[in-house]
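Please read these notes beside the sequence and the model. Each point takes up one topic.

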Amino acid sequence: MLVASGGQKHEVHERSQISHVSLKNASAITGHVFRAERIKFQHRYGVLKCFVLLTQSSRESSFSIMSGTGLIYDEEMTRYKLLWTDPVCKIEVPERLTVSYEALKCRGLEQRCVCVPTRQATDEEILLVHSKEYLEAVKQTPHMHLDDLLTFTQQYGDVYFHPNIYHCATLAVGAALQLVDNVMTGKVRNGMALVRPPGHHSQRSEANGFCVFNNVAIAALYAKKHYNLNRVLIVDWDIHHGQGVQYCFEEDSSVLYFSWHRYEHQRFWPNLAESDYDSVGKGKGTGFNINLPWNKVGMTNSDYLSAFFHVLLPIAYEFDPELVFVCAGFDSAIGDPEGHMCASPEIFGHLTHLLMSLAEGRLCAVLEGGYNLTSLAQSVCQTIQTLLGDPTPVLNDIGPPCHSALESVHNVRAAHQKNWGCLKHMVCLVSEPSTKKCRVEEKDEKQEEETTEHLVWPEPVPRDAPPVHTAALISKEEEDLLPEDCQRLGEISPKYIEEAEKIRNKHFQDVTDERTLQCIQDVVSLLEKIKNREVRNGLAVVPDVFVSLKCAVEHATNSLSERILVLFVGDDNVPVDTKDGRVLLVQICKKEPERVKSLYHVPVCLNKGVFSSASVMAAVLGLLLPLAYEFNPGLVLQVVAEGSGGLDVCVWAQLTSLLQGVAQGTTLALLKGCDRDMVTATGVSLSGAPAPSLGPLDPPLAEDVEVIEAQRQRLQERWGLLLNTVSESGTESGQMKTPPAASSV
């Protein structure tokens, strides 16, 4: 297993520090005892990094690499409700928790989680965020009569009090802290706390928006204090702006807060000017507050993915968090009476997956909003399934973001251009949103809301996993490089040999090398096991990568998938035909390929020396992932032509983990001439372990940004999810004004 992480600190970066984990803590991540195999030190951009390759000490006990997801639920938090008539507050009901928990139980997910007990937060913990005067006032509510509770409530906005709400609020905070403790001590890798009341609107001395205490803000400060963390990321995908979290951290450079929220140019609650994109933080916290306002309702999966690929993830990788929190509000899902958005419950499984490659997988999701009980329960289940490591769900019909979403993405990038190196080479000016120029009439807007509220959507498809996560074709001498549950390919079935012979006779009659011919059989066998859902992923160390790749594409297109994504690292001309649009080839190289590029062949020719990790990640987040999600392949082929091709092994591990989000996590990796670390990193990432941190990234090289941008410009008319900016005339465009190259399909 490949692990890295937190404990002692070393000065490494002008913004912050990077942490390392003791072997004892690393060993605890899956609840098993491990033996350290070796330690590799790497020096990257002045960062001394350590990642530890660990193998299981006991051959007798097997383990699931994606085990260790904590779940916190306490029925006590359902024991308060609205005691008077309030049309605003009536949607915040105890059933929000019960339907979510029952859905987890019904789908067998609760039994697969580590059930973590909750506790009450102490006064000292609550005072990390809130004033003593406010805490003492809330403490009096259990003793109040109904009239007194109503009077007490009326001094705050859109919230209600109940004799039991103080007790429930301390449990909600305590649940978040319990989750932090279990994740940071390695008892679980990640987890989710189902809590009431929610927290992200509450402020230092004020209850607000159904929130009493700010659960996630308190948990973030608690984690910093007790685990000596220097960088914490909070992702708030609730449909309302978490202004309480923003106020808490807007001058703090150690906490990066990202919130998308329905805004409609300040016409939607909480109706704050500081919820707009130009509120970027203050003082030392400048750049660490990211607001992405939705200025229309009806946002879709494509809009949410666009925000992640073009805003959140590039900045998050540069920031390099040591712990990730999610303010998991599901009022941003379809059918919600507050959000009026059109994003399916499945998208939250994908958003969770994309965040799990950060902070070596340490992720704490804490429930916030969500008021359609059907989409709420479905979205909670999708999130938990991803945390457990189940295959990601299929997302169909991914395409360009809507124009309003694109304007918001554009303006956030423009507002933060001077704050983050990943944006520094872009020429991106703030654009006046079109929805602000021509506001929709209130009557039309109300009709649109009513339409989205009554949308009908299908029940998410079960996300069943094959019995074996990864099967490998590897020599006996190299078996120790792979995790224990990575199955070695056994004897090949005669029917697979027959299929391999057909491919050989059709394409490789001139090939006589026995090892290469054997490899054809092995590749076919791995693909058949994937097709029959015996295994999820395959890994092969091959003698001839081109024969193996051509064989894999031929067999997969004929019998496994309509569409195949090929990621090829190397300079050679790749023997893959992309003319019919069934194969999308993305090539990371140092030398421009000779053959004519189509809209399905994307060569990313980076700096001719050693690949910059920041540049490769810029290409992955800005090109590869948007293309992959829109193409929607049934299989991913990851190919390294010779050695590592100059690609850092940690970067390879990262992109391997990220690509598990497409094709329901189905990948065949073909490696030639790779060192032991590259083989290990591939096997471990395919088996579900979190990728090692890259450290706080420097800006990508300017010449590499030009290459990436030229490809984006060339392709964005066909691949709309690549769009990330709007021209001054209001049409979609790229930042560098590079004319699109000639292309053919």
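1. In which sense do β8 and strand β13 pair, and over how many bridges? The two pair in the parallel sense over 4 bridges, where pairing needs at least two DSSP bridges between the strands. Strands are DSSP runs (E, at least two residues) and helices likewise (H or I, at least four), numbered from the N terminus. Alanine 193 stands opposite valine 366 in β13.

2. This is a predicted model: local features need pLDDT of at least 70, side-chain atom pairs count only at pLDDT 80 or more, and totals for chains, interfaces and linings use all residues. Residues are numbered from 1 along each chain as its sequence is written, and side-chain values use heavy atoms, without hydrogens and water.

3. Strand β8 (residues 190-193) is covered on both faces: Asn190 and Met192 on one side, Gly191 and Ala193 on the other, are all buried (under 20% relative accessible area, 1.4 Å probe, protein chains only). Strand β6 (residues 69-72) also pairs with β8 in the parallel sense over 4 bridges.

4. The rings of phenylalanine 309 and tyrosine 629 have centres 5.4 Å apart and planes at 55°, so the pair is tilted (centres within 6.5 Å; planes under 30 degrees apart are stacked, over 60 edge-to-face, the rest tilted). Phenylalanine 309 is in helix α9 (residues 301-319) and tyrosine 629 in helix α18 (residues 613-631), 320 residues apart. Phenylalanine 309 and tyrosine 629 are buried.

5. Phenylalanine 631 and tryptophan 719 form an edge-to-face pair, 6.1 Å centre to centre with 75° between the planes. Both of these residues, phenylalanine 631 and tryptophan 719, are buried.

Methods. Buried means under 20% relative accessible area, exposed over 50%, partly exposed in between (1.4 Å probe, protein chains only). Rings of Phe, Tyr and Trp (its six-membered ring) pair if their centres lie within 6.5 Å; planes under 30 degrees apart count as stacked, over 60 as edge-to-face and the rest as tilted.
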